[in-house]
Amino acid sequence: MAERPPATRDPQLLKGVLPMLVLALLREQDSYGYELVTRLRDSGLTDVSTGSVYPVLTRLERDGHLASYLVPSAQGPARKYYTPTDAGLTHLSVQRRSWQQLGDVVAVVLTPGPRRARPAPEARP
């Protein structure tokens with residue numbers, strides 16, 4: 001079976017869902033920034049960059065959705081691990097419901113239906 005080329009994504013779509021995905025992955029396991037990038041890539045977002053993830057981490061922490069702590073590393077400086085706060089988990093739950101509702105609407109609109117003819121314009125007197 002031939003390997004498929006990576007899908008081209010609209011960066012704006014990823015930008016809109018990245019905070020939710022970051023929170024979802026951190027709900028499963030605390031991670032440091034680059035590890036999180038790797039986890040996102042392993043999940044299929046092969047084109048996600050560190051330059052897009054670190055600002056999301058900073059914003060989520062500033063908004064109180066994440067907390068961080070340092071862990072010494074044998075390979076260099078201490079790593080900053082992120083973990084979701086209770087507010088972050090609540091935010092994730094709200095975001096998840098909103099995403100599912102939006103996905104339901106998008107699926108309905110994108111499902112092809114029968115094409116209807118446009119009514120003919122009325123003749124003017």
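A salt bridge is defined here as a side-chain nitrogen of Lys or Arg within 4 Å of a carboxyl oxygen of Asp or Glu. The model is predicted, with local features requiring pLDDT of at least 70 and side-chain atom pairs counted only at pLDDT 80 or more, whereas totals for chains, interfaces and linings use all residues. Residues are numbered from 1 along each chain as its sequence is written, and side-chain values use heavy atoms, with hydrogens and water left out.

Three salt bridges are present in the structure. Arg39 and Glu28 pair through their side chains at 3.6 Å, N to O. Arg39 is buried at 14% relative accessibility, while Glu28 is exposed at 56%; buried denotes under 20% relative accessible area, exposed over 50%, and partly exposed the range in between (1.4 Å probe, protein chains only).

A salt bridge also joins Glu61 to Lys80, with the closest N and O atoms 3.4 Å apart. Glu61 lies in helix α3 and Lys80 in strand β3 (residues 76-84), so parts 19 residues apart in sequence are tied together. Both partners are partly exposed, Glu61 at 24% and Lys80 at 35%. The side chains of Arg62 and Asp63 form a further salt bridge at 3.5 Å, N to O; Arg62 is exposed at 61%, and Asp63 is partly exposed at 45%.

The largest pocket holds about 180 Å³ of space. A pocket is an open set of points on a 1 Å grid over the protein atoms alone, where a 1.4 Å probe fits, with protein on both sides within 12 Å along at least five of seven lines; lining residues have an atom within 4 Å of a point. The lining of the largest pocket includes Arg9, Leu14, Asp47, Val56 and Arg59. Elements giving two or more residues to this lining are α1 and α3 (50-62). Thr8, in the segment before α1 (11-28), is exposed at 79% relative accessibility. The C-alpha atoms of Thr8 and Asp47 are separated by 8.7 Å, although the two residues are 39 apart along the chain.

Helix α4 (residues 86-110) contains Val106, which is partly exposed with a relative accessible area of 37%.

How values were computed. Helices (H or I, at least four residues) and strands (E, at least two) are DSSP runs, numbered from the N terminus. Grid points are joined across faces, edges and corners, and a volume is the space filled by probe spheres set on the points.
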